[in-house]
Amino acid sequence: MAHKFAKTFGSLPIISTNYLIFVENKMAFMKRLLTILLLGLCLVACTQHSTYWGTLLDIESYIEERPDSALVVLEQIDISQLSNKEEKAKHALLLSMALDKNVIDKTDFEILQPAIEHYEDNGTPTDKLRTLFYQGRIYQNQGSNAEAMDCFLNALDKGEDSEDLLTKARILYTQGLIYSTIFEWDKCIVAYSDAANYFKQNGRLDSYVNCISSIINVYTIVGDNEKAAHYISLGLSCLEKCSMRIKAYFYSNHITYLASQNQRKVEEIKSIINQYTTHVSYHLVDWLSISNAYLNV
């Protein structure tokens, strides 16, 4: 009698082609199902976070405004309890940010290294932008400006889609500082100007006027009096709302510009010096600039 899937030939059944196809399809389905399950388990394992993950995300939300508080919390986290590379990278990046913002300059990559390794091929454009910026800052602290500049250029490239305009502004301003050390004045002004625009967009008045003051200094050096005067007027328009330290830097550059003119306006220079010493604490005054101004008049 014919079997549903085979017919008898002597004592051995002969398997039909349809049955073989059925078995093969079933086995292929089981393999696919097993693969999906394994991938699912791996995904869950990779994305599972420790109890510190929420803390790290919380720190990220306030590190700009309270870097001192962020540093305290970050230093209390037990790194061995972080569950995966993503958490370790996030912690490494935030700790590097907090140290830099608290003016604790690092000259080695020990703390930042997990972020450097993880965010090279993973993470958001903002993660890449920040990691490369702070990597560049470490090179800068080492005195390696060429390596720092490479990091900054790479940061702006890989972080192009990032909305973190503050970090972009800081990168551009730092690039300007490096350009000034090698007398690349045109590139310096472009970097300072772009940084100023980003700071202004974010309502960072002190940082904006700091960029303006640096631009005044460069135009004074290259002898472009018209543009220097233009940026002086921009700075004066919002100087009243700035911190005392920023006022000190602005007045110093303003006085240096006035003293550099061929036709020196003695009364104007004395007036600016009077404003400088009246609105700025003595310990912040650049007395060398004032001495130079008096010498020139």
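Q: Taking exposed to mean over 50% relative accessible area and buried to mean under 20%, where does F183 fall, buried or exposed?
A: In this predicted model, F183 has a relative accessible area of 60%, and because the cut-off for exposed is over 50%, F183 counts as exposed.

Q: What about the phi of F183?
A: The phi of F183 is near 60 degrees, which is a positive value in a residue other than glycine. As a rule, most residues other than glycine have a negative phi.

Q: Which loop holds V103, and what is its phi?
A: V103 belongs to the loop that lies between α4 and α5 (113-119), and the phi of V103 is near 55 degrees, again positive in a residue that is not glycine.

Q: Buried or exposed, for V103?
A: V103 is exposed, since its relative accessible area comes to 65%, and the threshold for that label is over 50%.

Q: Let me step back to the whole chain: how many helices and strands are there?
A: The protein chain has 14 helices and two strands.

Q: On to helix packing, then: how do α9 and α10 cross?
A: Two packed helices are described by the angle between their axes and the distance between the axes. For helix α9 (residues 185-201) and helix α10 (residues 205-222), the axes come within 8 Å and cross at roughly 160 degrees. The two helices are therefore roughly antiparallel to each other, the cut-off for that description being over 145, and α9 passes α10 in a left-handed crossing.

Q: Which residues make that contact?
A: From α9 the contact draws on W185, C188, I189, Y192, S193, A195, A196, F199 and K200, and from α10 on S207, Y208, C211, S214, I215, V218, Y219, I221 and V222. Sorted by class, the contact of α9 with α10 has 14 nonpolar, three polar and one charged residues.

Q: What can you tell me about I215 on its own?
A: I215 lies in helix α10 and is buried, with a relative accessible area of 0%. If neighbours within four places in sequence are set aside, I215 is in contact with Y192, S193 and Y231. I215 and I232, which are 17 residues apart in sequence, have C-alpha atoms 9.3 Å apart in space.

Q: Where is T220, and what does it touch?
A: T220 is also a residue of helix α10, and at 15% relative accessibility it counts as buried. Beyond its neighbours within four places in sequence, T220 is in contact with A228, T256, Y257 and S260.

Q: How accessible is N197?
A: N197, a residue of helix α9, counts as partly exposed at 45% relative accessibility.

Q: One more residue: what does the side chain of N84 reach?
A: The side chain of N84 reaches the backbone nitrogen of E86 at 3.2 Å, and a polar atom of the N84 side chain lies 2.9 Å from the backbone nitrogen of E87.

Q: Where is N84, and is it buried or exposed?
A: N84 is in the loop between α3 (67-76) and α4 (85-101), and because its relative accessibility is 11%, N84 counts as buried.

How values were computed: Residues are numbered from 1 along each chain as its sequence is written. This is a predicted model: local features need pLDDT of at least 70, side-chain atom pairs count only at pLDDT 80 or more; totals for chains, interfaces and linings use all residues. Side-chain values use heavy atoms; hydrogens and water are left out. Helices (H or I, at least four residues) and strands (E, at least two) are DSSP runs, numbered from the N terminus. Buried means under 20% relative accessible area, exposed over 50%, partly exposed in between (1.4 Å probe, protein chains only). A polar contact is a pair of N or O atoms within 3.5 Å; within protein, one must be able to donate a hydrogen and the other to accept it, and residues adjacent in sequence count only if both atoms are side-chain atoms. Axes are lines fitted to C-alpha atoms, for helices over the stretch in contact, and angles run from 0 to 180 degrees between N-to-C directions. Angles under 35 degrees count as roughly parallel, over 145 as roughly antiparallel, 65 to 115 as roughly perpendicular and the rest as oblique. A crossing is left-handed if the near helix is turned anticlockwise from the far one by less than a right angle, and right-handed if clockwise. Contact means heavy atoms within 4.5 Å. Ala, Val, Leu, Ile, Met, Phe, Trp, Tyr, Cys and Pro count as nonpolar, Asp, Glu, Lys and Arg as charged, and the others, Gly among them, as polar.
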